[in-house]
Amino acid sequence: MARAFRAASPLPLPSSRSATAVTNGGGGGGNFTWLTKKRSSKAPPQRGGQESKVEEPEGATAPAGPTEQSSSRKRADALARLRSAFLAAITHRRRRRQLGSCVTGTIFGRRRGRVHVALQTDPRSAPVLLVEMAAYSTGSLVREMSSGLVRLALECEKPPLAAGERRRALLDEPTWRTFCNGRKCGFAVRRDCGADEWKVLSAVEPVSVGAGVLPDDVGSAGAGEGDLMYMRARFERVVGSRDSEAFYMMNPDGSGGPELSIYLLRV
């Protein structure tokens with residue numbers, strides 16, 4: 001009788017606590033593994049402020065903070081400024097020192113004014129040498145050139161050097177004694193290219209070889225000293241030593257013309 005009662009009695013119903021645990025996936029669902037796997041596979045994505053945790057791959061490094069990024073940017077900017085300054089200094093030195101075998105020479109000035117001699121590496125560059133002959137007029141130089149041969153010699157002193165002192169470049173000497181065809185004609189002074197000189201050099205920039213007179217609006221200063229005259233040509237540069245250089249005017253196509261030579265000497 002007892003055996004028959006056990007067989008006929010139904011299974012005990014789960015309590016409300018156990019049903020809640022099964023619904024929420026708690027410890028009560030541990031007896032129903034297939035139900036737990038099915039429920040976990042159909043779980044909806046989390047919403048709101050809850051974010052799913054993403055595993056980072058091995059070897060990944062954390063991004064640098066704002067302090068490290070700003071310091072590295074400052075170092076990069078400082079290196080860039082230093083590199084640009086260094087390249088600018090090298091370019092300026094090469095432009096100043098390495099003239100090459102040919103330069104552009106321009107002789108200009110008022111008819112009764114002082115003669116200016118400018119040497120440029122190319123027609124658009126700043127003069128590497130600009131001297132003003134203080135006691136020699138442009139008209140006198142033009143009369144000398146009518147003879148067909150002009151030799152301008154610029155001489156400067158060669159003082160002794162102290163221990164460890166380096167001698168300046170020949171083109172950087174400030175004052176010169178000038179001679180034209182062997183006759184002394186005062187002194188020449190090295191000048192910086194100012195606004196009036198730039199006007200003249202800009203006006204004759206398209207001219208490769210030639211001579212002429214410029215209008216008064218180009219060089220307004222000193223208009224009472226006569227016309228503004230110029231002569232422009234290519235010069236062959238010959239370096240004898242650190243204390244001597246020569247510039248020989250090249251006539252185009254070997255045609256006959258006046259011969260003009262400029263000598264720089266340090267004695």
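**Cysteines, cores and a ring pair**

Author: Let's start with a cysteine: Cys102 has a relative accessible area of 27%, so it is partly exposed (buried is under 20%, exposed over 50%, partly exposed in between, with a 1.4 Å probe and protein chains only). Bear in mind that this is a predicted model, where local features need pLDDT of at least 70 and side-chain atom pairs 80 or more, while totals for chains, interfaces and linings use all residues. Residues are numbered from 1 along each chain as its sequence is written, and side-chain values use heavy atoms, leaving out hydrogens and water.

Reader: How many disulfides does the structure hold?

Author: A disulfide needs two cysteine sulfur atoms within 2.5 Å. Take Cys185, which is buried at 9% relative accessibility: its closest cysteine sulfur, in Cys180, is 5.6 Å away, so that is too far for a bond. For the structure, the number of disulfides is zero.

Reader: Which residues have the most contacts inside the largest nonpolar core?

Author: A nonpolar core is a set of buried Ala, Val, Leu, Ile, Met, Phe, Trp, Tyr and Cys residues joined through side-chain atoms within 4.5 Å. The largest one here has 31 residues. Apart from it there's another core of ten residues, with Leu201, Leu214, Val218 and Leu228 among them. In the largest core, the residues with the most contacts are Trp176, Phe235 and Leu264.

Reader: What does Phe235 touch, beyond residues up to four places away in sequence?

Author: Contact means heavy atoms within 4.5 Å. On that basis, the list for Phe235 includes Ser101, Cys102, Val103 and Gly105. It also takes in Phe247, Tyr248, Met249, Met250, Leu260 and Ile262.

Reader: How are the rings of Tyr248 and Tyr263 arranged?

Author: Rings of Phe, Tyr and Trp (its six-membered ring) pair if their centres lie within 6.5 Å; planes under 30 degrees apart are stacked, over 60 edge-to-face and the rest tilted. By this rule there is one aromatic pair. Tyr248 and Tyr263 have ring centres 5.9 Å apart and planes at 85°, so the pair is edge-to-face.

Reader: Where in the chain do those two tyrosines sit?

Author: Strands (E, at least two residues) and helices (H or I, at least four) are DSSP runs numbered from the N terminus. Tyr248 is partly exposed at 31% relative accessibility, while Tyr263 is buried at 19%. The pair links distant parts of the chain, 15 residues apart: Tyr248 is in strand β9 (residues 244–250) and Tyr263 in strand β10 (residues 259–266).

Reader: Which side chain makes a polar contact with the side chain of Arg177?

Author: Arg177 lies in strand β5 (residues 175–180) and counts as buried, at 18% relative accessibility. A polar contact is a pair of N or O atoms within 3.5 Å; within protein, one must be able to donate a hydrogen and the other to accept it, and residues adjacent in sequence count only if both atoms are side-chain atoms. At 2.6 Å, the partner is Glu157.

Reader: How many residues of helix α5 are buried?

Author: Helix α5 covers residues 138–145 and is mostly covered. Its buried residues are Thr138, Gly139, Ser140, Leu141, Glu144 and Met145.

Reader: What is the phi of Asn181?

Author: Asn181 is in the loop between β5 and β6 (183–190). With a relative accessible area of 28%, Asn181 is partly exposed. Although Asn181 is not a glycine, its phi is positive, at about 55°.
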